[in-house]
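Here is a short report for a reader new to this structure. Take a look at the model first, then read on.

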Amino acid sequence: MQNSEVYQTLARWGLRSQRGGGLLLSRPVSSRCHGVSPGEGSAQPGEAGSAQTLYRDTVLLPRTEFPMKLTGQKLLDRELQIQQECGFAELYSWQRERKAKKEFCLHDGPPYANGDPHVGHALNKILKDIRNRFEMLRGRQIHYIPGWDCHGLPIELKALGELGTSGLSPLQIRQKAREFAEGAIARQKAAFQRWGVMANWEQCYYTFNGAYEAAQLKVFQEMHSKGLVYQEYKPVFWSPSSRTALAEAELEYNPEHVSRAVYTTFPLAKLPPKMASEQGLENVLVLVWTTQPWTIPANQAVCYMPNAQYSVVKRADTSQLLLLATERTASLAPLLGTELQTVGTFIGSQLEGAICKHPLIPDKHVPLVPANHVTMGKGTGLVHTAPAHGMDDYSVASQFKLPVECMVDEDGRFTELAGPELQNLSVITEGTDAVISMLKESSALVLEEQCVHSYPYDWRTKQPVVIRPSKQWFINTASLKDKAKEALHKVRVLPESARGSLLAMLDRRTYWCISRQRSWGVPIPVFYHKETGEPLINKYTVSHVAKLFKEKGSDCWWELPIEDLLPPEVLNKSKAGPVSDYVRGDDVLDIWFDSGASWAAVLEESDPRADVYVEGKDQLGGWFQSSLLTSVAVRNKAPYKSLVVHGFVVSEKGEKMSKSLGNVVDPDEVINGKEDSSVSAYGADVLRWWVAESNVFTEVQIGPNALNSARDSIGKLRNTLRFLLGNLQGFDPRLQAVDPKQMYYIDQYMLHLLREYSMKVTDAYSEFDAGRVIRILQAFITRDLSSFYFSIIKDRLYCSPEDSLGRRSCQTALEEILDGVTRSVAPILPHLAEEVYLHAPGHDKAETLFKSGWIKSSSVWRRPGLEEAVEGACAIRDCFLSSIPGKNASQYDLTIALEPGLLFELMESLQEEPTSTSSQLAELMMAARVNLTNKLPRDLHPEALLSRGTFLINLEGGVIREDSPYSIAVTPTYAARCPRCRRYTSESTDCLCPRCQTVVSRAG
Ligand SMILES: [Zn+2]
């Protein structure tokens, strides 16, 4: 029963009788011996001698014009030539116009237009391009429109340089900023094109384009109409160094920041009832701790935790009575250098109703109030509260209707309100000095200490920021949070671990300050009543302004008279008074709002949702968030179906790149080399391979080691491809390919492996894992091709007749392998892939690889049973080779003895005759001769090497399983070396082997 199934399996692979050299062996072998002069060598390449001359023309050595190596200027010229010849620039438009069933939309996060291209850009753009090219090859229509984020303070600052804004009008500032951004965009764009990134570079998006600005205002207007945009006077992060409010995303926390922290006292003016009822507690001082002493003048309250325990303690040295949290006393005593003796304890809630004197302002009294944000980790458990200068403080003030008095101006200096002693002092520096001195003078200062803590800095100026209140526009993110979280649940996040950060950031941000007091941005389309200050903003005013922006760009906000911005019909619909009552607003929108609205401006109008957004991890709190919030606000869904979050590029030592460390890798130098030749030119494909090979989900290292290794890897691949091309010279698969069922089993087996290879590669690309693609590729090339298949087939390729079935069968496999391997690396190495394709057979000259689709593997190539046959033979081969370590297998005869059964049947399918020098089995074994038998003969050569082993056959998905023992005997061959093919298959050294005799006589 089993045997019949084996026969069926074998029958499915093709004709069992078609083997052993096919056409060649079907001809009678001539007995005439071709004479060779004594001493003559072989016909193999590289060996000198006249025999080589004699048979050279009869041996089919690989020939190709595909160069082994390309370096330096030649490499660069070739890449540029390929970009030209193979139409890199037109590819994107070509694929947009072709018919495709499905679209793949990768929405480009706009890089910031404020500097030169860097390796971070390279990582991001190439990563995207690998995926786009893969999807394009697979037949999808790619939607990928590159963009730039063009507005904002960093550009404004760089454009203005040392000059600052002094004396320039908003329009003059904007003109300079625009020119600066345009310069940066041009340089970045040229680099992205050189890297081979597929796009229509004539049609990019820019956040300073009128149409983009209009789409953005539409989002703003929809959010405003839903009540999500509001104006409020409240504390925000304020950068004195750039005179503007900042959003959380524009802060950098400096963990080394040193503050002058103080312990200071507020004398109790009115005791709470419980304390009043105890004796000796008349002169209690409330002890507070703050890292920002400059905020003490703005104090409006002291907060306590209602359910914590508080103690009144007596200082052993001064007899002062201090009130603080009981659990803080132990750590405070050593700081004060005295003992603290407890004279009374209270529950926080028993402090209700207490009032203290302000330590610096005579006659000012402030209440003790309960609050949830009080913690016991630091300080005294009693929290100084300045509503104008703290977010928590502000919410306490709102709850208890405390005044919010700001004493700090836009430059970070005390205002008149702070009193003559402090006015005009910078709060962070001399203002802090002055306040501490005043606390000393009033005997309120208990202790000053240096406090190292994480403190927010302006991301551009690298100067510390302060918290101060101002009238700003906000988005109510708190009310969007739940919807945003829900939308995020439907989004696939890669790596999944990034989802937690996204959710945490949504939680942390309760509002989003979107107004900036600068000129280089999209104006907030709001008018203010001259007298009341009431803002005028509604769908009529915003739509009208958006229309103007679309036509003229947002410069018109400053250029046009207010009558044009606010024409009578708009005023009418708004039920507003005459235009003379109004002035236009001066604020511009946060650039995160600019880029966050890109889905509305760039994606298809029918369903503005991208398949994927791919950006660095810094965008978890940036573009990923702002895009999500705006999209959820307007249409209640995320703008992306999946997110890919990659790491940053670091130096080879794992350090952040910085000019001061001198470890910045310039992508232009990677490609073109350094002018002084200290760095060689790697070309764009090396840069792309580096990206593909890296684990992009962590920090990605770049340096000479990584780049040299990438170059060497491409070099090895190039050699493999060159070997394939060389052996396909003159082969046209359209005319000469062999039907898979007629092919040698080993060749069919390679097609089977190729099919598995292409499936694995396809999966890896689909999961954004180009690194896995490379590992699969390298294993296939090294293990399956170079050390296995190529070593076996050389004799058949070089020495069989050109048009023999055996050789054509092999070429058919090689052509498929060449095509499959080339396509599989094309998304990573588009230049090399097109270069190979220019040399590859089987297509019209005008056709390019990228226009001809993905790997065309066929299900006919799936050969599970055949896999067992070849792998069974390989197991025996391994046994054979390990019995003659370091020796040349072709000098040995191999006898394989197998019990009748499945494995014997399988081996018989590779060699029908009991003994052969030219069977598929002999080829696979690389032996001089293979004998296939049921039992080792008794009269073995005395020097025969004997080994045995077992192979587990697993056929029909496990239905057929058979443990098959085998034994082998290895003996040195008696045959002589054939002077043409160098195999030990000849009768004597001066005589060609039977196969070569035939070939030569036919040729002659
Ligand atoms: Zn020969």
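## The zinc site

Which residues coordinate the zinc ion? Cys-978, Cys-981, Cys-993 and Cys-996 do, each through SG, at 2.2 to 2.4 Å. Donors are N, O and S atoms within 2.8 Å of the metal (3.2 Å for Na, K and Ca), and water is not among the atoms, so sites may look incomplete. The donor residues follow the spacing C-x2-C-x11-C-x2-C.

The site is tetrahedral, with angles of 102 to 115° among its four donor atoms. Cys-993 and Cys-996 are buried, meaning under 20% relative accessible area with a 1.4 Å probe, protein chains only.

## About the model

This is a predicted model: local features need pLDDT of at least 70, side-chain atom pairs count only at pLDDT 80 or more, and totals for chains, interfaces and linings use all residues. Residues are numbered from 1 along each chain as its sequence is written, and side-chain values use heavy atoms, leaving out hydrogens and water.

## A buried threonine

Thr-265 sits in strand S7, residues 251–270. Strands are DSSP runs (E, at least two residues), numbered from the N terminus. Thr-265 is buried, at 4% relative accessible area. Leaving aside residues up to four places away in sequence, Thr-265 touches Leu-285, Val-286, Leu-287, Leu-322, Pro-359, Ser-443, Ala-444 and Val-446. Contact here means heavy atoms within 4.5 Å.

Key: Helices (H or I, at least four residues) and strands (E, at least two) are DSSP runs, numbered from the N terminus. Buried means under 20% relative accessible area, exposed over 50%, partly exposed in between (1.4 Å probe, protein chains only). Four donors count as tetrahedral if all angles lie between 85 and 135 degrees; four count as square planar and six as octahedral if opposite donors are over 155 degrees apart and all others between 65 and 115; anything else is irregular.
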